[in-house]
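Here's a quick briefing to read alongside the model. Keep the viewer open and click along.

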There are 2 protein chains.
Amino acid sequence: MNSPSPLEHIRIVLSRTSHPGNIGAAARAMKTMGLTNLTLVDPKLFPHPDAEARASGATDVLASAYVCASLQEALRGTVLVAGLSARRRDLAAPFRWARDGAAELLAEIRPDDQLATEVALVFGNETSGLSNEELALCHFPIMIPANPGYSSLNLGAAVQLMCYELRLAAGSPGTAPSGDAVLATADEVEGFHAHLERVAIASGFLDPAQPKRLLPRLRRLFGRARLEHEEVSILRGLLTTLEKPKLRRSAKSSDGLKKS
Amino acid sequence: MNSPSPLEHIRIVLSRTSHPGNIGAAARAMKTMGLTNLTLVDPKLFPHPDAEARASGATDVLASAYVCASLQEALRGTVLVAGLSARRRDLAAPFRWARDGAAELLAEIRPDDQLATEVALVFGNETSGLSNEELALCHFPIMIPANPGYSSLNLGAAVQLMCYELRLAAGSPGTAPSGDAVLATADEVEGFHAHLERVAIASGFLDPAQPKRLLPRLRRLFGRARLEHEEVSILRGLLTTLEKPKLRRSAKSSDGLKKS
């Protein structure tokens with residue numbers, strides 16, 4: 001049996017949202033990060049075509065959203081609640097930054113959780129944010145580090161950012177996909193450097209009696225680039241062509257590499 | 001002289017954006033994270049009222065945006081370029097995840113940079129993303145870890161997330177603001193526990209001959225909560241009231257705490 005993702009145990013709660021477009025944007029943001037559990041407290045307009053439009057491919061999240069009248073009702077059954085806040089509040093618990101707050105919410109969900117513990121993350125109204133009464137229902141406020149001179153994130157953008165942090169808190173994204181490139185082996189790279197040196201000397205560009213730092217510098221450059229197998233083939237093909245007597249090169253230039 | 005923020009050296013480039021609203025959302029996202037340097041390559045509609053509307057308080061970023069015809073022109077003068085990509089590309093350099101890519105861009109900017117080095121982060125068209133030709137102008141692609149089944153972030157949301165990572169890469173957000181709470185000192189907390197024990201015994205709730213685990217459990221609870229100075233005052237006030245003979249308590253209940 002596959003154990004469900006801990007992300008399914010996170011309830012995203014949007015309280016008193018004014019613009020239905022933002023509800024759609026939030027649903028899309030959630031789904032891109034693997035969250036699907038959306039609750040709406042007293043939305044001004046919902047359902048609404050603007051919500052559908054901005055949700056793009058995440059209309060399923062909207063369709064399964066739970067709509068209720070009060071934040072108390074929205075939080076029923078959750079064991080830990082955090083609320084987004086853009087400003088300091090006198091009577092609130094100490095703030096957590098977004099990353100730490102996400103980790104704290106995730107830590108409450110155990111992978112083999114038989115009780116299906118749910119935690120909640122609450123976002124307030126676009127203009128006024130969470131009221132003090134709403135924030136009092138949260139265990140702690142979360143603040144997104146922002147420009148102190150302009151900290152007003154769009155609601156959908158704030159949901160995107162928090163769901164991203166929750167996804168990362170739920171598990172490392174793993175090794176970055178590296179494409180299909182096959183790196184060259186050390187002997188392939190050495191073969192290339194020997195070839196390059198030969199051509200450089202034969203052409204008169206490199207004086208073997210006074211080599212200076214030329215070869216080490218080229219080595220440094222190609223080392224940094226971490227040559228791929230196919231790139232070594234291409235470079236050696238080029239060197240081989242350049243090694244050939246000028247006459248044959250000129251003859252070949254019409255259908256191959258141009259020579260200036 | 002104040003050294004300028006490294007964030008001012010990051011050029012956000014939006015290429016061939018279709019919806020002007022997304023340009024506005026990107027401007028707002030940038031400004032919330034302290035970035036202001038925006039370049040638009042061949043936008044479909046710009047300037048446009050939708051851009052202004054979605055920019056909210058960041059219309060200054062729109063007003064100072066540089067508009068040009070090609071990505072080559074947009075990248076002039078930058079020393080390191082990363083491009084967002086939602087999918088693997090055969091011929092691209094290895095991917096970086098958002099967080100690592102942001103750190104790599106930031107690392108290129110030295111705080112005392114006399115040359116005012118600029119780096120760029122490029123976002124492609126909403127529907128098609130960056131073309132292979134555009135991505136070939138980038139040193140590496142950046143991928144936002146996402147739900148493999150639905151990885152389509154809104155453009156503004158992707159800009160928000162990357163600017164957030166860039167802001168964090170530019171410096172820790174510092175200690176989370178903790179509000180104005182003054183924590184109770186150890187002796188204040190001990191005074192409270194002694195008072196609580198006295199009241200618990202006097203009321204008959206705690207049998208000192210068989211104390212069991214009651215006091216340690218209460219200690220654990222209040223220890224976890226990290227009592228504040230003012231909270232200790234309130235709790236001790238409550239205990240003091242409860243200690244008084246019932247008669248006086250009843251008399252007081254009309255203007256103070258209700259007694260059931």
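Residues are numbered from 1 along each chain as its sequence is written, while chains are lettered from A and ligands numbered from 1 in the order in which they are written.

**Confidence**

- The model scores ipTM 0.78 and pTM 0.79.
- Chain A has a mean pLDDT of 87, pLDDT being the predictor's confidence in each residue, from 0 to 100; 86% of the chain's residues reach 70 or more.
- Watch residues 251–260 of chain A, where the pLDDT is below 50 and the stretch has five contacts in the model beyond near neighbours in sequence. A contact here is a pair of residues whose C-beta atoms, placed from the backbone, lie within 7 Å.
- Where pLDDT is low, the predicted coordinates should not be read in detail.

**Chain A overall**

- Chain A has eleven helices and seven strands. These are DSSP runs numbered from the N terminus, with helices (H or I) of at least four residues and strands (E) of at least two.
- Of its 260 residues, 36% count as buried. Buried means that 20 or more other C-beta atoms lie within 10 Å of the residue's own, exposed means 12 or fewer, and partly exposed is in between, with C-beta atoms placed from the backbone.
- Taking chain A contacts between residues at least 6 apart in sequence, 82% join residues at least 24 apart.

**The sheet**

- In chain B, seven strands form an open sheet with parallel pairing, in the order E3-E2-E1-E6-E4-E7-E5. Pairing requires that DSSP finds at least two bridges between the strands.
- Strand E3 (66–68) and strand E5 (96–97) of chain B each have a single partner strand, so one side of each is left without a neighbour in the sheet.
- E1(B) pairs with strand E2 (residues 38–41) of chain B through four bridges, in the parallel sense. Within that pair, B:Leu14 stands opposite B:Leu40.
- Over in chain A, strand E4 (residues 78–84) is mostly covered, with five of its seven residues buried.
- E4(A) runs parallel to strand E6 (residues 118–123) of chain A, with five bridges joining the two; A:Val122 is the bridge partner of A:Gly83.
- E4(A) also runs parallel to strand E7 (residues 140–143) of chain A, joined by three bridges, and there A:Ala82 stands opposite A:Phe140.

**Helices in chain B**

- Helix H7 (residues 155–169) lies across E1, strand E4 (78–84) and strand E6 (118–123) of chain B, and runs at about 150 degrees to E6(B). The axes are lines fitted to C-alpha atoms, for helices over the stretch in contact, and angles run from 0 to 180 degrees between N-to-C directions.
- Helix H8 (residues 186–202) of chain B has 17 residues and reaches 24 Å from first to last C-alpha, close to the 24 Å expected at 1.5 Å a residue. That expected span is 1.5 Å times one less than the number of residues.
- B:Gly204 follows H8(B) and has a positive phi, near 90 degrees.

**Core**

- The largest nonpolar core holds 118 residues, of which A:Met30, A:Leu166, B:Met30 and B:Leu166 touch the most other members. Such a core is a set of buried Ala, Val, Leu, Ile, Met, Phe, Trp, Tyr and Cys residues joined through C-beta atoms within 7 Å.
- Neighbours within four places in sequence aside, the contacts of A:Met30 include A:Ile12, A:Leu38, A:Val61 and A:Cys163.

- Most residues other than glycine have a negative phi, and most peptide bonds are trans.
- A cis peptide bond joins A:Phe46 and A:Pro47, with omega about -5 degrees; A:Pro47 sits in the loop between strand E2 (38–41) and helix H2 (49–55) of chain A.
- In chain B, a cis peptide bond joins B:Phe46 and B:Pro47, with omega about -5 degrees.
- A:Asp42 has a positive phi, near 45 degrees, and lies in the loop between E2 and H2 of chain A. It counts as partly exposed because it has 17 C-beta neighbours inside 10 Å.
- B:Arg16 has a positive phi near 50 degrees, and its place is the loop between E1 and helix H1 (20–32) of chain B. With 19 other C-beta atoms within 10 Å, B:Arg16 is partly exposed.

Note on methods:
This is a predicted model: local features need pLDDT of at least 70, side-chain atom pairs count only at pLDDT 80 or more; totals for chains, interfaces and linings use all residues. Two residues are in contact if their C-beta atoms, placed from the backbone, lie within 7 Å.
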